[in-house]
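Biologist: Let us go through this model by question and answer. Please keep the answers brisk.

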Amino acid sequence: MDAFLGIFRSAGALLLDSAPYVLFGLLVSGWLRVFLRPETVGRHLGRGRFASVFKAALVGIPLPLCSCGVLPAAAGLKRQGANNGAVSAFLISTPESGVDSITISWALLDPLMTVFRPLAAFGTAVLAGVSENLFSYRPESEEPRPDKSCPVDGCCDGEDCDPARHARHHTLAEKMKTGLRFALTDVWGDIAGWFLVGLLAAGFITALIPQDVLASRMGGGLTGMLLMLVVGIPLYICATASTPIAAALILQGVSPGTALVFLLAGPATNVTSLTVLLGLLGRRGTAIYLAAISLGALMAGLALDQVYRMTGLSAMATVGQASEWLPAWLEWLSTAVLVVFSIRPVGRGLARR
């Protein structure tokens, strides 16, 4: 009984620390959905062997989609005219990062990890996309056909109405309300269950696994990172849910570089998505995709540990300090909001299983 109480106490403390940042990230993600027009995305990702890859990797960084949720979005981009390299870059940078995971990284990790994580995701995505386009790029034969339908209420398909007139159909307040609803229902509904699993796993690591066990197996170096890579690639976990686990690993003595390998490899792919990737990118594209994730994660992990050694910083000493800047009432209020909006998706998930 004491062990279970320890797990829930540790998980609850992580939830309180991270809730305001998760909520902020969700709000930004919802408003991106309303204000970032899909035709703009499609127009920029289908032209150029290299420029399209950089743009796709950059666009994917703030979007809050997990390794399965990003698949239909990537398929839509490909239908809109994006080339394979751009699709590969989008498939990697999007699940490895996101405004929600960046904000929770700030809450549970330290500033260096918070900055290094999206930079590593961008670099890995560019590596995969450029490699793919070096082999498979073909000049486009037709213009992209993006989805121009209204993101607020679908009142217009974007084809039979004047865009200038349609822009005046909805007020700023209506768009903000739609973005808020999308964030708290669709986005949070997709990740709420996995975030709960991540919190419980982090609580288990913190409360029950002795610090010297993890430190001796994954304290740093290439061997520990390779082991973390083997664990992370087949695992299904979103970027937000992986963050409390990474924080718990660091607190137990795992090097920040090894934790970063988990943050990059875990959300980017899983066993269930590989069949979809084969259909979307082909066998060669999927092989390049997995190789780029592995190589990029290992290089980023080794580089991050080197930065910590050169600067003399200690991730264990600074992890979680950003959350101390916020008042307790805001943490409790944000936690209550997340719990309320988690009831329905978590209940549906349990019913399905």
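Biologist: Is Phe195 buried or exposed?

Modeller: First, the ground rules: this is a predicted model, where local features need pLDDT of at least 70, side-chain atom pairs count only at pLDDT 80 or more, and totals for chains, interfaces and linings use all residues. Residues are numbered from 1 along each chain as its sequence is written, and side-chain values use heavy atoms, with hydrogens and water left out. Buried means under 20% relative accessible area, exposed over 50%, and partly exposed in between (1.4 Å probe, protein chains only). Phe195 has a relative accessible area of 2%, so Phe195 is buried.

Biologist: Which residues does Phe195 touch, not counting residues up to four places away in sequence?

Modeller: Phe195 sits in helix α9 (residues 172–208); helices are DSSP runs of H or I, at least four residues, numbered from the N terminus. Contact means heavy atoms within 4.5 Å. The residues touched are Leu15, Ser18, Val22, Ile104, Trp188, Thr240, Ala241 and Pro244.

Biologist: How many of the 10 residues of helix α6 are buried?

Modeller: Helix α6 covers residues 99–108 and is largely enclosed by the rest of the structure. Its buried residues include Ile104, Ala107 and Leu108.

Biologist: What is the relative accessibility of Thr94?

Modeller: Thr94 belongs to helix α5 (residues 84–96). A polar atom of its side chain lies 2.7 Å from the backbone oxygen of Phe90. Thr94 counts as buried, at 0%.

Biologist: Which residues form an aromatic pair?

Modeller: Rings of Phe, Tyr and Trp (its six-membered ring) pair if their centres lie within 6.5 Å; planes under 30 degrees apart count as stacked, over 60 as edge-to-face and the rest as tilted. The whole structure holds 1 aromatic pair. That pair is tilted, with 6.2 Å centre to centre and 50° between the planes, and its members are Phe54 and Phe122.

Methods:
Helix = DSSP H or I, 4+ residues; strand = E, 2+ residues; numbered from the N terminus. Polar contact = N/O pair within 3.5 Å; in protein donor to acceptor, adjacent residues only side chain to side chain.
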